Each structure stands twice: as C-alpha cells, then as structure tokens.
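Please have a look at the sequence and the model on the screen, and then I will take you through a few of its parts.

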Amino acid sequence: MSGNKTINVVGAGPGGFAAAISLAENGYNVNLYEKNDNVGVRFNGDFQGLENWSDDEDTLSILGRLGIKINFLCQPYSGDDGYFIGPNRKKARIKTSRPLFYLIERGTGENSLDQGLRRQAEELGVNILWNHKMESLKKGYAIVGTGPKAADAIAKGMVFKTSYKNIFIGFVDNRIAPQAYAYLLVNNGRATFATCMFNDFKNEKTYFERSLQVLNSSIDIDIIDEKEFGGFVNFFNEPILSKGDRIFYVGENAGFQDALWGFGIKYAMLSGYYAAKSIIDNELYSDLCKTHLYPKLKASLANRWLFSHLYNPGYTYLFKYMAASDDVIPSLRKHYNFSLSKKLIYEMAKRWYRTRLINKQCMHVHCDCVWCRHGKHEHELVENC
Ligand SMILES: Cc1cc2nc3c(=O)[nH]c(=O)nc-3n(C[C@H](O)[C@H](O)[C@H](O)COP(=O)(O)OP(=O)(O)OC[C@H]3O[C@@H](n4cnc5c(N)ncnc54)[C@H](O)[C@@H]3O)c2cc1C
C-alpha cells in the first residue's frame, strides 16, 4: 500500500496509539477515533508497572524499537526498591540484575503514559477525533483497540498521598487477593494500593478491607486524601485478531493480556505495532502475532493454571524460592518461555479456562461493526437469514 493512504484507528489506549504512531512514522495519514474527550479516562492517576522480566530485551529498548519515546513518568524499580509479603506475612526480598518493572502513571494527568502517547501521536500529525464512539467503519483498513469488554479479573484500590518516597510491595495471599495479588506502588509521595482478584468478585469489598489491614500491619504508612478506584481486565485463551482482511483487533480488545498477572500494556503496544506493520509491510497480522506474541501468551495461561493451583502454602514456598535466587529475572523469564512442559500445561489450561466475555454479534446484513465478532462465515449466515 502506498504511503499516502489514510488508516482509521479506533481507541486511544496504548494499543491504538502504538499502531497510530507506527503508521504516522511511516508516512500514513491516521485518523484516531476516541469515544471520550481525553485519553486515560478509564484510569485514575493510579500507578501501574511495565513489566521487565518476560523478554531478554529490556522493555524500554523494546518501546524504542516500536518508535515510542519516554516522555512520561517511567521510573525503574528493582529488587532493592521493595519486597513481597506472602501468606505467612514474612518479608521476601528479591535480587534483580536489572529493573523488575518501570512504574508508570495511567489516566488524564500530565505525566501519564496516556498523555505521553497522545503528545507523541499529535507531534506526528495523527488526527485524533475526540468524542467519537465508533460502532462501524464502512471502508478501508481499521485497527481497533477499544480495551477490555468483560471482567475476567478485577482490581479494587485507592490512590493517596503519603510521606513515603519510592517503594513497592507485592502481597500474595488468597485471603486478600483470590488467585492474584495486592500491590503498593509509591512514587514521590504519591501512592497506589489495590487488590486484584480472579474470582469471587462479589466479595471485592471484603478483600479490599482485608488487604488494607495487611498493608497497615506490614508498613507504617500514612494515607492522605485517599480516592478509591476499580478496574477490570479481560483475556481469551485464543485472541480474535481480525474480521475479514481489513479490521484488525489489538490490545485487550483482541484478548491480548498476560493471563498470569494482568500486565497487558506491553501486549497492547506490541499488538498495535504488529497490526500497523502488517499494513506497512504487507505481512499477515496473524503470522506476526503467532511468531511474536502467542508463545508468551500461551505460557501465561499455563502459568495462570499453575498459580491458581498453588494456594497459600505454594505461594509461601514460591517466595522462599525467589528470595534465595541471586537474580529472579532469568527464572521469571524462563517461566514465560513456551517450553515443552508449558505446552502440556497449556493444553489443560485452555480447557479449564473460560473467558467471561459473551461474544455478542450484530444482526447487520453487511457487517462493518468494529465491536462484534462476525467472522466471514458467520457473516454470511446472517446475510442469509
Ligand atoms: C486497575 C488496573 C491495573 C492495571 N495494572 C497494570 C499493570 O501494572 N501493568 C500492565 O501492563 N497492565 C496493567 N493493567 C492492564 C492495562 O491497563 C491494559 O492491559 C491496557 O491499558 C490495555 O490497553 P488497550 O489499548 O488494549 O486498551 P485501553 O487502555 O482500555 O484503551 C482503549 C481506549 O479505547 C477507547 N474506546 C473504547 N471503545 C471505543 C469506541 N467504540 N470508539 C472509540 N474509542 C473507544 C477507550 O475510551 C480507551 O481510551 C491494569 C488494568 C487495570 C484496570
């Protein structure tokens, strides 16, 4: 395709922005449709982590390759900057040879990842159309990164001010975060504390209260001006990549999400980048995803199965094992490798795991919807109705 064509991107999240930035850098005109009047509206100024353990290459170097500049808060946190607390409430300190994660901010704030990506896209001439909730796109290529559509895991938390500077604490205990974890992230006197859960959502309030008690018994932290927030993520065991050969799904909307712990930002950006690359270089998006994203995605589902079956005694053992390691990064990376044992576990895990997404379909005769999931065959069936 020649460089002066216009491509439509739907959703100004990390997935949509990565696609838009890559296309614009390669000379394409990009219309980016966003349903809100700003970026990051579904977030609350809360801190998140760009994980730095699943690839050999450092995450910031990967972002550099995608053409993404670091013009947002992006602070490295290594093993020295915090610790973990298991079900026995003992501190487990870990050693890391490089940052374990990069702390970033999400939301509408000036230093957030979302605003940083917005500035980069605007500088490259991406035409962002605010308040455009897209339901359908009639013609041309479209890259759709509209975020999660169902809650497969949820988080309940709060942001607050504190006199602490920089620290992270990860808590693992099924009594406070069923099959997941709670986390404290502090940067420069601002903090995020949340508990995540993969089941028993109806008791989220109880888990949050319990996790707060554990926080207060673990660290003497002052909590000022707290504001509560909640959120959710979704993942499918098989992502849905496209509709026909012109609408490509990226990020969580496609089901790209780390099934183990919900670290979906890197997946969103990478899938956005590969969707753009498939248009720029005339390659198959499915091939790019299968080569670069599926192995880790499948390993993460196998890891989810394993983690869900460890229970509290297993978590205690896990922390002992991690604390004894000279460098946890290589062992974490090994667990994201789709090895033979992970392949076997994955086969079991994909039968065990069911997304909560109800896959709605429209009833249009000629389907241009960005949200429904008509494959070609299903589309024809509707047409014949
Ligand atoms: C509380 C919480 C904590 C998290 N912590 C982490 C973490 O520490 N590390 C990590 O890697 N990940 C984390 N995640 C997951 C991460 O935030 C997501 O995986 C990531 O934001 C997905 O990016 P995306 O581009 O696919 O979707 P989103 O970020 O959801 O962006 C989608 C965009 O599309 C827009 N949109 C939706 N529908 C339409 C429409 N019809 N038309 C136009 N625009 C539309 C939305 O308004 C939004 O701007 C967390 C998630 C939550 C909820």
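Is Trp130 buried or exposed, or does it count as something in between? Trp130 counts as partly exposed because it has 13 C-beta neighbours inside 10 Å; a residue is called buried if 20 or more other C-beta atoms lie within 10 Å of its own, exposed if 12 or fewer, and partly exposed in between, with C-beta atoms placed from the backbone.

Before I go on, please keep in mind that this is a predicted model, in which local features need pLDDT of at least 70 and side-chain atom pairs count only at pLDDT 80 or more, while totals for chains, interfaces and linings use all residues. Residues are numbered from 1 along each chain as its sequence is written.

Trp130 sits in the loop between strand 8 (127-129) and strand 9 (142-144), where helices (H or I, at least four residues) and strands (E, at least two) are DSSP runs numbered from the N terminus. Leaving aside residues up to four places away in sequence, Trp130 touches Glu34 and Asp37, contact meaning that the C-beta atoms of two residues, placed from the backbone, lie within 7 Å.

Now to the domains, whose bounds come from an automatic or database domain assignment. That assignment gives domain 1 (6-42 + 53-69 + 108-150 + 240-352) and domain 2 (153-233), and their C-alpha centres lie 24 Å apart. Where the two meet, 11 residues of domain 1 are in contact with nine residues of domain 2, and helix 9 gives the most to the domain 1 side, with three residues.

The ligand is surrounded by 36 residues, the closest being Gly13, Gly147, Gly231, Gly251 and Gly264; for this shell, a residue is near if its C-beta atom, placed from the backbone, lies within 6 Å of the molecule. Domain 1 and domain 2 each provide at least three residues of the shell, and among the elements that each supply at least two are helix 1 (14-25) and strand 14 (224-233).
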